[in-house]
Amino acid sequence: MAVAASAAHGHATHNPVRFNRLGLWLFFFSESILFGLLLTTRFFLEGIEREHVDQHLGLAITIILLLSSLTAFTAETAIEHNNQRVANWFLMATIVLGIIFAAGVGFEWKTAEFSRHEAFGSVFFTMTGIHAAHVVSGIGILFLVWIQLKRGKFNSKNHWPVSGSVMYWHFVDVVWVFFYPALYLVK
Amino acid sequence: MHIKHLIPAAVLWVIITAVGELLVIANLYPTVGSLEADDFDWIFRFLLAIGVPVFAFVIAAIVYSMYAFRSAKGDEMGSTIRGNGWFPRIWLIVTGGLAAFVMVFPGLTGLQKLQSDRTAYGWGDTEADVVIHATGAQFNWTFTFADGTEVNIIKGKELVLPVHQKVRFNIDSVDVVHSLWIPAFRMKIDAIPGRTTYMTVEPTVKGSYAEDQSFRVQCAELCGLDHSVMNFPIRVVEKPEFDQWLASLKTGAK
Amino acid sequence: MYAAKSVSGGIGLGLIGFYLGLGFIALLRWTLGYPEPWGGEINIIGGYIFGLIGWLMGVGMWGIWGREWFGQRTYPRKAPGWQRYFTFNTDHKVIGVQYTVTFIIVFLLAGALAMMMRLELANSGMQFLSHAQYNGTMSLHGTLMIAVAVAAVIGGIGNYAIPLLIGAEDMAFPRLNALTFWLVPPVAVALLSTPFLGGMETGWTAYPPLSVTTNSAQIMFDLGIITFGLTSILGGLNFLVTIMFMRAPGLSWGRLPIFVWAIFATSWIALLYTQGFAVALLLIALDRVAGMAFFNSTAGGDPLLYQHVFWFYSHPAVYIMVLPGFGMALEIIAHFSRKPLFAYRYAVGAFLGILGLSGVVWAHHMFTAGIPNYLHGPFLVATELISVPTGLVFLSALGTIWMGKLWLKTPMLFALAVIFNFGCGGVTGIFLADVPTDIHLQDTYFVVAHFHYTIVGGEIFGLFAGIYYYFPKITGRMYNETLGKLQFWWMFIAFNVTFFTMHLPGVQGMNRRIADYQSGLDTVNLIVSLSGLFLGASFILFVYNMINSWIRGPLAGDNPWQVRTLEWQVSSPPPLENFPTPPVVQGHPYDYGVPGSVHGVFPGQKLGGVPVVGGGGGQ
Ligand code: HEA
Ligand code: HEA
Ligand code: CUA
Ligand SMILES: [Cu+2]
């Protein structure tokens with residue numbers, strides 16, 4: 001993503017990866033408020049009430065998303081150890097798992113027994129929708145990174161795009177860890 | 001060295017404060033139509049009395065410094081006090097104390113009065129002498145009395161209230177957010193679709209919109225095109241006259 | 001012509017994107033079998049998003065940044081001279097100027113709308129605007145001005161000055177910085193398109209259910225403001241990383257110029273709270289285009305939800321507006337008093353205290369909204385608590401001018417006016433924070449007067465202070481001092497007459513956002529209108545002075561104010577990478593008159609470590 005000014009010129013002390021890492025963390029901070037407010041909305045409107053949702057599907061996609069974090073982590077560790085082949089495969093696996101998750105959400109939308117024209121439906125579709133939008137953008141970013149990984153652009157010293165996109169993926173995962181109970185498990 | 005400047009600055013502060021406090025005496029308010037209005041005016045004046053010296057302090061410090069410490073050329077240096085000593089602490093204590101004071105005194109105490117013996121504000125349906133259900137709609141008000149009599153822009157054309165009686169408004173809205181405000185009574189609360197809000201007033205003087213424009217129900221929340229003109233005249237009369245008026249509306253309906 | 005290429009590329013791709021987006025959504029809806037695939041707001045949303053991307057890529061983001069995402073080489077467009085202001089330029093000084101000029105233009109436009117309002121309000125009855133036109137004018141004035149207030153000082157002066165003040169060669173993420181600026185013109189286009197869609201009806205607060213049922217201008221407002229929120233967040237993020245990681249060696253937190261501290265606190269607020277506005281408007285957009293029920297009380301929604309989410313951002317936002325103004329004022333006051341900033345630590349504490357408290361007071365805008373009784377007390381207390389840290393800003397400012405040597409140049413006058421005006425605006429805030437008085441004053445002209453005192457008095461005056469202060473650094477030329485002073489007194493007096501008088505109709509029962517009022521309030525409104533028009537005229541002087549001086553003002557020299565901070569130790573205007581030799585900081589920035597004190601030195605300079613001594617310093 002963004003690359004620091006100092007990459008081009010100037011002070012040797014400036015470390016662009018350090019900049020990017022802090023920048024990304026701040027971005028997560030900001031996004032947390034977005035997701036926090038959506039959670040608040042959910043409890044403000046519905047208390048701890050909940051309509052019927054497909055529990056098996058919910059559990060399945062949750063497990064898939066958690067697994068994808070694991071594969072993403074493996075890919076990052078691999079590139080840190082200069083193992084391009086493993087990194088390549090596990091990043092691909094992450095993308096596939098991500099796509100399965102998104103498809104699962106789509107299926108849930110199609111089969112949902114409530115409508116978006118009433119409060120719980122509004123909350124459910126909005127929360128899963130915004131989260132899924134993050135998943136999809138994550139998939140897009142991972143894909144762009146994957147292409148460059150395949151071309152052999154990254155190694156143990158230079159792999160910020162891999163680390164950054166994996167961090168983003170973990171973040172989106174953590175958000176789901178809060179959303180899942182709020183939408184599927186409460187009460 | 002400070003003293004030389006402190007005295008004239010303090011004098012300036014006192015003068016500005018004295019002039020400013022004229023605002024406290026001045027009658028800036030619309031007609032005092034209810035007990036609640038009395039409370040409002042009193043608290044407003046009290047806050048003015050405290051606020052004026054605070055603002056006057058700022059003015060005096062700036063004006064005096066601009067006069068006494070000005071320098072035509074940029075190459076003179078000021079004194080090197082840094083303000084790490086006792087003064088900031090005193091300032092913190094004084095402003096903190098002042099803030100705590102206003103918080104408690106007209107703030108929380110006034111709030112308690114507003115919410116307890118008057119009611120979101122005040123007394124319950126049972127203690128009220130007159131209960132009026134007010135409904136906001138784009139862009140009129142409808143008032144329904146306990147016996148089912150309705151008053152609106154077509155029927156009745158004005159809201160009549162009895163003086164010295166406890167009046168409670170239960171308020172809701174059929175479309176968007178409105179707000180029921182009566183300037184003469186200094187009371188207002190929003191009308192929100194899907195909820196009932198309430199407020200209570202006790203009118204203390206007789207009056208009517210024809211003579212005094214602050215006797216009106218005014219919509220105070222932007223509600224669309226004709227928000228500007230979403231108001232409704234009020235007339236406050238003696239109890240018997242009120243009863244008569246209510247009865248006349250009823251016969252009129254038949 | 002780089003400038004023409006950039007701008008026309010942006011507009012061209014933007015338009016293409018817009019129609020692509022419209023069509024794309026229509027196609028999507030057609031395949032899904034919707035009856036009318038064309039005519040909805042969802043199409044506008046698609047068009048806006050595609051258009052936005054097209055615009056950004058067209059103005060130059062593609063070449064400088066976008067190619068990198070696909071593993072290709074990037075190439076910057078190196079435009080010379082004035083043309084660089086019209087390209088996707090990553091130099092923070094260019095971006096600062098772009099921001100300042102853009103927002104001054106928006107300010108004048110929105111001010112012209114205010115003039116129309118004041119003409120309409122000069123007398124009761126309807127003069128020349130219809131109710132719908134008045135609502136549209138009022139809403140547009142408020143929205144544009146809020147945008148100006150949120151971004152002008154931090155985006156304009158902040159971008160220009162922060163890297164210079166901390167001895168850095170640029171911001172941490174220069175391309176992100178350029179992106180935040182180039183997102184602004186589409187916002188302006190979106191907002192300015194609203195009159196053609198029927199005009200906004202809801203004021204800048206956009207309360208539902210009205211904002212759900214009103215005309216399509218609302219959707220442009222939503223899109224524009226969400227984009228604007230994005231620029232706020234990204235800008236804040238950029239400032240935070242810059243200030244945390246790019247300070248010159250020796251520039252510890254305790255030596256940071258106070259303006260940097262102000263931007264630091266502001267950036268946190270922008271980063272953390274702006275999402276609230278985005279969420280609030282997103283929910284409205286969903287209610288509108290997807291028929292959702294967040295605010296539809298008959299289907300389980302609740303209009304109050306919006307107010308909570310909205311004010312959760314919009315109260316902190318008022319501190320986004322005013323903190324940079326305070327920072328600018330304190331900075332200038334210290335330099336022009338030729339004295340160390342009084343109680344520096346307390347001033348820093350003030351900013352951090354406001355940052356801490358800003359998130360817990362939002363419901364003071366909802367005292368009359370029928371919130372539960374138990375919420376009134378805590379929010380009253382929290383709100384009045386904020387006056388304590390705010391008071392520390394006054395401590396610092398007043399302590400600094402006391403026993404100083406005040407050099408009363410135009411920037412200094414404006415800086416002092418910030419303190420003066422905010423004294424009044426802050427005190428009236430206390431009246432509003434007090435529930436028993438707010439019950440009457442809420443949504444009256446008393447509130448209007450309060451927030452013009454705080455925003456215009458605190459922030460716009462701060463903006464002008466900053467512009468006059470940095471004018472010689474930015475342009476290398478000096479503005480006309482006589483005209484500057486004239487504008488100051490003109491603006492200051494007219495401002496105070498206008499808005500001080502405005503409290504009165506509020507108390508007497510004139511509510512806000514109305515085109516027509518009770519005839520009893522004629523006189524006082526006429527006074528307000530007349531002095532309001534007088535106020536508007538003062539800006540003609542400003543525009544003339546700026547343009548004329550930029551073209552033919554006398555050369556200013558490197559350090560006309562004889563200030564100690566780093567930006568004044570380089571040439572005016574500064575070279576591309578700011579400091580030919582990186583500075584090292586050895587002391588406090590404000591130690592005027594302290595013998596032997598030094599702020600920054602340039603060890604690599606040819607002459608060899610010439611210390612920059614207090615007061616002087618221009619080479
Ligand atoms: C820059 C913008 C800005 C700033 C800084 C402030 C600052 C404050 N505001 Fe204001 N406010 C607005 C902009 C701002 N406001 C806007 C735009 C609205 C209307 C929104 C809308 O509806 O459209 C509004 C509305 C508003 C309301 C809601 C009114 C209503 O609609 O009913 C309230 C209520 O509590 C309020 C209170 C305060 C308080 C207590 C402060 C405090 O921060 C002030 C603190 C400062 C001081 C008190 C002065 C200095 C202190 C001293 C010298 C120390 C000693 C003093 C004491 C101890 C008292 N404001
Ligand atoms: C930065 C913030 C800012 C600023 C600077 C101003 C500036 C002014 N405002 Fe504004 N105002 C708001 C923010 C601001 N306002 C907000 C947030 C609202 C609430 C909206 C809402 O309720 O939703 C509001 C509402 C508001 C109202 C209440 C409307 C209503 O409730 O019905 C009024 C009424 O008098 C008013 C008046 C003025 C005036 C006279 C000025 C003057 O200071 C303006 C000075 C004049 C100029 C700057 C004009 C210069 C122009 C020229 C010289 C012409 C040449 C230029 C061109 C042709 C482009 N404002
Ligand atoms: Cu109803 Cu305004
Ligand atoms: Cu507020």
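Predicted model: local features only at pLDDT ≥ 70, side-chain atom pairs only at ≥ 80, totals over all residues.
**Chain contacts**

Two pairs of chains touch, and the pair with the most contacts is that of chains B and C. Chain A and chain B, by contrast, do not touch, their nearest C-alpha atoms lying 13 Å apart.

The size of an interface is often given as the accessible area lost when the parts come together. For chain C and chain B this buried area is about 7800 Å², and carbon and sulfur atoms give 68% of that area. On the chain C side, the residues that lose the most area to chain B are C:Trp402, C:Met403 and C:Gln518, which together account for 10% of what that side buries. The table collects further values for this interface.

| Item | Value |
|---|---|
| Residues from chain C in the contact with chain B | 95 residues |
| Residues from chain B in the contact with chain C | 92 residues |
| Salt bridges between chain C and chain B | two salt bridges |

A salt bridge joins B:Arg195 to C:Asp302, with the closest N and O atoms 2.4 Å apart.

**Helix packing in chain A**

Two packed helices are described by the angle between their axes and the distance between the axes. In chain A, helix H2 (residues 55–80) packs with helix H5 (residues 160–185) at an angle of about 160 degrees, and their axes are 10 Å apart. Because angles over 145 degrees count as roughly antiparallel, H2(A) is roughly antiparallel to H5(A). The crossing of H2(A) past H5(A) is left-handed. In the contact of H2(A) with H5(A), 15 residues are nonpolar, seven are polar and two are charged.

Notes:
Residues numbered from 1 in each chain as written. Chains lettered and ligands numbered in written order. Heavy atoms only, no water. Axes fitted to C-alpha atoms, helices over the stretch in contact; angles between N-to-C directions. Helix = DSSP H or I, 4+ residues; strand = E, 2+ residues; numbered from the N terminus. Parallel < 35°, antiparallel > 145°, perpendicular 65-115°, else oblique. Left-handed = near helix turned anticlockwise from the far one by under 90°. Nonpolar A, V, L, I, M, F, W, Y, C, P; charged D, E, K, R; others polar. Contact = heavy atoms within 4.5 Å. Buried area = accessible area lost by both parts, 1.4 Å probe. Salt bridge = Lys/Arg side-chain N within 4 Å of Asp/Glu carboxyl O.
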